[in-house]
Amino acid sequence: MTNLLRIDASAQSEDRSLTRQLTSLFAQTFLEVAPDTTLVSRDVGHSPPPFVDGRFIHAAFTAPDQREDWMADVLAPSDRLVDEVVAADIIVMGVPMYNYGMPAALKAWIDQVARIGRTFSFDLERGDFPIEPMLSGKRLAVLSSRGEFGFAPGGIRAHKNALDPAIAACAHYFGVDETAIESIAIEYQEFKDDRHRASIDQARARTAALARRLAAEASTGSESEPNLPTLELNLPDGM
C-alpha cells in the first residue's frame, strides 16, 4: 500500500488557489490509478505550524531521555508532522511563489520536520559534513504557481527563483534525493492573458500525467525515468 502526503501551502481558498487545484487533481488522479493508497492531507497554508523558537531548539537538541515534561509539549506538533513524513512514500506539495521564495507557512513546516535524531543525524566525526539524512527513497512532486514567468533554469528570471533551490536543498530532511523531485509550475498569473491560460492547461495535463505515472510505479514497484508529456500549444508570440 502506498502512502501519499499532500501538503498545501497557499494562503488562498480552494477556489482561488491554482496550486490547491493542482494538488487536488494530483491526489484524485493518483487515487484513481491506485485506489488502495492512503492519503494524508496537511494544510499548512490555512493552519501554519508554530515557528521555531528558543524553547523548540532547547527541546530538540536535548537527548530524549533527558527531556523535561514541557519539552514533550513543545515538540508534539513537530512529532506529528515528522510522523506523517516518515510514513509517506510520495509527497506532493502545492507551493505558490511568494516574493520569489516559499510561503512562510511552508518554511515553518520544514523547520518543524528538520529534526535532529528523527530526520537527520549530526556527528562531527564526519568532518565538514556532519549532517546525514535518516530518511530515504521518497518521491516529491512540487506543484507551483508564479505571477511572472521565466523562472526555470535558463529562463530570464531564473536568478530570482529562490523557491525551487530552497526546496531542493531541504529535501533530504524528507527523505527525498534531489533527483527524485519533479516540478510543475503555472506562470504568467499576474498577466491573466492567453499565455497564462495556456500555462494552466499545460500544468494540469502534466500534473495528471505525473500522478498517473507515479501511481502506476507505486503499484508495480518499478521506477522509470521522468517522462512528462510535452504539449504542443498554440501560444502567442513571445512565449
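## Arginine 157

Arginine 157 sits in the loop that links strand S6 (138–145) to helix H5 (163–170); helices (H or I, at least four residues) and strands (E, at least two) are DSSP runs, numbered from the N terminus. This is a predicted model, where local features need pLDDT of at least 70 and side-chain atom pairs count only at pLDDT 80 or more, while totals for chains, interfaces and linings use all residues. Residues are numbered from 1 along each chain as its sequence is written, and side-chain values use heavy atoms, with hydrogens and water left out.

Is arginine 157 buried or exposed? With a relative accessible area of 17%, arginine 157 is buried (under 20% relative accessible area; exposed is over 50%, partly exposed in between; 1.4 Å probe, protein chains only). Its side chain reaches the backbone oxygen of phenylalanine 149 at 2.9 Å. Leaving aside residues up to four places away in sequence, arginine 157 touches Glu148, Phe149, Gly150 and Phe151 (contact means heavy atoms within 4.5 Å).

## Threonine 119

Now to another loop: threonine 119 lies between helix H4 (104–113) and strand S4 (120–122). Threonine 119 counts as buried because its relative accessibility is 0%. The side chain of threonine 119 reaches the backbone oxygen of valine 113 at 2.8 Å. Among the residues that threonine 119 touches, not counting those up to four places away in sequence, are Val82, Val113 and Tyr173.

Key. Polar contact = N/O pair within 3.5 Å; in protein donor to acceptor, adjacent residues only side chain to side chain.
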